[in-house]
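Trainee: I would like to go through this structure with you, taking helix packing and aromatic contacts in turn.

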Amino acid sequence: MSAAHAGAPSLNRLAVSATTHCLTGCAIGEVLGLVLATLLGWDVLPSIGLAIVLAFLFAYALTMRPLLGAGLPVRRALRVAFAADTWSIIVMETVDNGVILFIPSAMEAGLIDPLFWGSLAFSLAVAWVAAFPFNRWLISKGRGHAVVHAYHQH
């Protein structure tokens, strides 16, 4: 092993970091979107739509923050964030929303109902498990979150 690779994190560690990073942004957006939609009395599809939009927004924002801090111009930081996170967010959101829709009455449960929060936590955990091998594969090909590591370390 070369000296340059001796201190490099393992592929699994990078994939765990990337998947957890994606989950953080997605979870913030999902929770905020579903809470807002529930408070506004929205139906299931608009609720999920808002949650997905906010999940993408927060996931990209979490990636862009350190890139902007590293001095990248906004347009370049946006391109890096899109390249790094888009596929991971798509996998995570597809699985997350698929699971939550599969759980009977989860989307109809109120904010004080443990079914709402339990279903959301479970669906996000399943989404992490589903996204991990995908992120690992992307990183192994020099794509996905590997693109971000040229600019900063987590």
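**Helix packing and aromatic pairs**

Mentor: H3 passes H4 in a right-handed crossing, where right-handed means that the near helix is turned clockwise from the far one by less than a right angle, and left-handed anticlockwise. Helices (H or I, at least four residues) are DSSP runs numbered from the N terminus. This is a predicted model, in which local features need pLDDT of at least 70 and side-chain atom pairs count only at pLDDT 80 or more, while totals for chains, interfaces and linings use all residues. Residues are numbered from 1 along each chain as its sequence is written, and side-chain values use heavy atoms, leaving out hydrogens and water.

Trainee: At roughly what angle do the axes of H3 and H4 cross?

Mentor: Axes are lines fitted to C-alpha atoms, for helices over the stretch in contact, and angles run from 0 to 180 degrees between N-to-C directions. The axes of H3 (residues 44–69) and H4 (residues 74–102) come within 8 Å, and they cross at roughly 145°.

Trainee: Which elements are included in what covers the buried residues of H3?

Mentor: Buried means under 20% relative accessible area, exposed over 50% and partly exposed in between, with a 1.4 Å probe and protein chains only. The buried residues of H3 include Ile48, Leu54, Tyr60 and Leu67. Contact means heavy atoms within 4.5 Å, and the cover includes helix H2 (11–39) and H4.

Trainee: Why is the pair of Phe116 and Trp117 edge-to-face?

Mentor: Rings of Phe, Tyr and Trp (its six-membered ring) pair if their centres lie within 6.5 Å; planes under 30 degrees apart count as stacked, over 60 as edge-to-face and the rest as tilted. The ring centres of Phe116 and Trp117 are 4.9 Å apart. Their planes stand at 80°, so the pair is edge-to-face.

Trainee: What is the angle between the planes of Trp128 and Phe132?

Mentor: Both residues lie in helix H5 (residues 114–140), four residues apart, about one turn of the helix. Trp128 is partly exposed, with a relative accessible area of 22%. The rings of Trp128 and Phe132 are stacked, 5.5 Å centre to centre, with an angle between the planes of 15°.

Terms used: Helix = DSSP H or I, 4+ residues; strand = E, 2+ residues; numbered from the N terminus.
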